[in-house]
Amino acid sequence: MSSRLSLLPSLRPYATYAAVSSGPADSTVAAARPPVRGSTLIRSSMDDGDARSAVHMGGFLSMRRYDPPSWSSHLRPLPSHTFSLGHLPTPIHRWNLPHLSDGVEVWIKRDDLSGMQLSGNKVRKLEFLMADAIENGADCVITVGGIQSNHCRATAVAARYLNLDCYLILRTSKALVEKDPGLVGNLLVERLVGAHIDLVSKEEYAKIGSVTLADLLKKKLMKEGRNPYVIPVGGSNSLGSWGYIEAINEIEQQIQSNCGVPQFDDIVVACGSCFYVFNELYSSLFSVVLFVHIDLAFRAQLKICDFMLKLYNFYFQPFSGGTIAGLSLGSKLSNLKAKVHAFSVCDDPNYFYNFVQGLIDGLRAGSDARDLVEIQDAKGLGYAMSTAEELKFVKDIAAATGVVLDPVYSGKAAYGMLKDMASNPAKWTNRKVLFIHTGGLLGLYDKVEEMTSLVADWRKMEIDESTPREDGIGKMF
């Protein structure tokens, strides 16, 4: 179901798409995951019962009591349960990036392989958030994001697996808010699994913020007798941060397994889940000051920046940083002790330091975010906007290493990491670095037109008319 989200009490539906139930779970993946003591399966949409009918069983889609790593057991509140939604542990392997300085060793953790429909870093957060939703008796979930939100796609799939309805509030341009959003990238998956999509314009989003939008829809659903559970933008709150606290535990176990994974000195990851509106408003205002005398322009730009940051903090109420909060806190508390470097793909490092501090404080960790993580700006033109050089980088890395990065998150983080390694070689000399690939491959479909010229390596095969026929196995006609 897709509709235009009205700021009035009613919703105006314009198209309906039937939910498509998922097929059976991959038995190979389920078997590959170690059994969990006392695990309890909550029936999914694959079963005949509702989401709260439980049977004693382990494996994929099971819900189990959460046993935190001993080094994190003092944090509060502790999650009571978690779902098995991702295909974990995700692999770690050497990443032979071109043009690395001598002594630098880069490895990559493939959280992009945590699943196909449920791929990426959002899955780890959803394992805890969905368990909390079920424990609170929810029959549907609400979350918010951009029109190509990886988090919204993952939430829609997880909800359908667990037989919960999913309501997505997606932000788009004013010109498109009254039109069918289409079937590109994440939208295709969301609509196939029957998510209810409500569209809001970027201007409406900026006016009242994600929290109010979700609350508006929550109140409407409650009047209809539903029991919705709201998941914040990006799944980033203190509970969601446990996903990457647990990921640190997973990395430690992989290091200890004697499978060739080294002890790491550094961890590199993207941070984001931001909004187009701020970038667009700032860009428009910045364009105006370019026409002013240079001295006046400099002073005007400073005033505009200050005004826009106040506007941003007042209206947007964004949530992000759950991945780096979990990674940095987990790395400090565990034996890993790796330095975490985050490359922000939107906003500025100060915002993320402040937000991560809030998440850490929410866990009563008693730590300073600035001591735990180094955050650098890697947004370039802005959130989800790519330069030709950045897209060429994504293409070149794929061609050189076989690893396909998404253009919004991991692509910009890897680009920023290699630039920093080139600019500050002493900082990275003799370091073993683990890069976290946070997924988002479907985002590439939104960049098809921009990337076409970069991958024009095709030709019609030349075949001489005299070439004799020789049949192989099977016929294609």
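Author: Lysine 337 is found in the loop between H9 and strand E14 (339-344); helices (H or I, at least four residues) and strands (E, at least two) are DSSP runs, numbered from the N terminus. Keep in mind that this is a predicted model, where local features need pLDDT of at least 70 and side-chain atom pairs count only at pLDDT 80 or more, while totals for chains, interfaces and linings use all residues. Residues are numbered from 1 along each chain as its sequence is written, and side-chain values use heavy atoms, with hydrogens and water left out.

Phi of lysine 337 is near 55°, which is a positive value in a residue other than glycine. Is lysine 337 buried or exposed? With a relative accessible area of 52%, lysine 337 is exposed. Here exposed means over 50% relative accessible area, buried means under 20%, and partly exposed is in between (1.4 Å probe, protein chains only).

Now look at helix H9 (residues 322-333), which has 12 residues. From its first C-alpha to its last, H9 reaches 16 Å, close to the 16 Å expected at 1.5 Å a residue; the expected span is 1.5 Å times one less than the number of residues. H9 is mostly covered, with 10 of its 12 residues buried. Among them are Gly322, Ile324, Leu327 and Leu329.

Asparagine 430 isn't a glycine, yet it has a positive phi of about 60°. You'll find asparagine 430 in the loop between helix H14 (425-428) and strand E16 (432-437), and it is exposed, with a relative accessible area of 58%.

A cis peptide bond joins arginine 76 and proline 77, with omega about -5°, and proline 77 sits in the loop between E5 and E6. Another cis bond joins leucine 88 and proline 89, where omega is about 0°; proline 89 is in the loop between E6 and strand E7 (92-94). The C-alpha atoms of proline 89 and glutamine 253 are separated by 9.5 Å, though the two are 164 residues apart along the chain. Glutamine 253 lies in helix H6 (residues 238-256) and is partly exposed, at 48% relative accessible area.

The loop between strand E5 (62-65) and strand E6 (81-83) also holds tyrosine 66. Its ring and that of phenylalanine 128 have their centres 5.0 Å apart and their planes at 90°, so the pair is edge-to-face. (Rings of Phe, Tyr and Trp, its six-membered ring, pair if their centres lie within 6.5 Å; planes under 30 degrees apart count as stacked, over 60 as edge-to-face and the rest as tilted.) Phenylalanine 128 is in helix H2 (residues 122-135), 62 residues from tyrosine 66, so this pair links distant parts of the chain. The structure holds nine aromatic pairs.

Charges meet rings as well. The charged end of lysine 122 sits over the ring of tyrosine 409, 5.9 Å from its centre, and that of arginine 171 sits over the ring of tyrosine 205, 5.0 Å from its centre. To count, NZ of Lys or CZ of Arg must be within 6 Å of the ring centre and within 35 degrees of the ring normal.

In H3, 12 of the 12 residues are buried, including His151 and Arg153. What covers them includes H2, strand E9 (140-146), strand E10 (165-172) and helix H4 (186-192).

Finally, the inside. The largest nonpolar core has 108 residues, of which Trp95, Met130 and Met417 touch the most other members. Such a core is a set of buried Ala, Val, Leu, Ile, Met, Phe, Trp, Tyr and Cys residues joined through side-chain atoms within 4.5 Å. A second, separate core of 12 residues includes Cys140 and Tyr205. In the whole protein chain, 53% of the 477 residues are buried.

Terms used
Contact = heavy atoms within 4.5 Å.
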